[in-house]
Amino acid sequence: MTTYDHTPASTPEPGNGEYAVAVLYLDDHLRITYTPQPASAAVRLIGELDAANHRAAADTLRLAGRDDDPLVIDCENLSFVDVAGLRMLIGLCSDGRARIDNPPAQMLRLLQLIGLSLG
């Protein structure tokens, strides 16, 4: 089940004690949360990003970006990313309007294996 929720929430974020302002996307494997940051739109991907949810995640991330501020995509809490999910993230970053923060080791290894880079 996919839900889009743009209302404030008090969802604890893993590991840092901060609270997300909104859960932007939620399915059985992936949650995308939004936390305000100065001069950027910050989202966190939590769970698994794969062929089953990468299109919905891309739509959500495109909507989360602000016109003038960069979209910061924190991937630290992704436990799994497949090639479809990784290509989607790279595509979002290709025009400089988004950037990946805290890529997990398995994401960096997959990038190396397929010969792509985040920047």
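Predicted model: local features only at pLDDT ≥ 70, side-chain atom pairs only at ≥ 80, totals over all residues.
At what angle do the axes of α2 and α3 cross, and within what distance do they come?

1. The α2 and α3 axes cross at roughly 90 degrees and come within 11 Å. With 65 to 115 degrees counting as roughly perpendicular, these two helices are therefore roughly perpendicular to each other. On the α2 side the contact uses V83, L86, L89 and I90, and α3 answers with M107, L110, L111 and I114. By residue class that is 8 nonpolar, no polar and no charged.

2. Now the other helix pair. α1 packs on α2 at about 20 degrees, with the axes 10 Å apart, which makes α1 roughly parallel to α2. The crossing is right-handed. H54, A57, A58, L61 and R62 come from α1, while α2 brings A84, G85, M88, L89 and L92.

3. On to the largest nonpolar core, which has 31 residues; I32, V43, L45, L61, I73 and L89 touch the most other members. The top contributor is α2, with 6 residues.

4. V43 is worth a click in your viewer. Leaving out residues up to four places away in sequence, V43 touches L24, I32, T33, Y34, L61, A64, L71, V72, I73 and D74.

Note on methods. Residues numbered from 1 in each chain as written. Heavy atoms only, no water. Core = buried A, V, L, I, M, F, W, Y, C linked by side-chain atoms within 4.5 Å. Buried < 20%, exposed > 50% of the residue type's maximum accessible area, 1.4 Å probe, protein only. Helix = DSSP H or I, 4+ residues; strand = E, 2+ residues; numbered from the N terminus. Contact = heavy atoms within 4.5 Å. Axes fitted to C-alpha atoms, helices over the stretch in contact; angles between N-to-C directions. Parallel < 35°, antiparallel > 145°, perpendicular 65-115°, else oblique. Left-handed = near helix turned anticlockwise from the far one by under 90°. Nonpolar A, V, L, I, M, F, W, Y, C, P; charged D, E, K, R; others polar.
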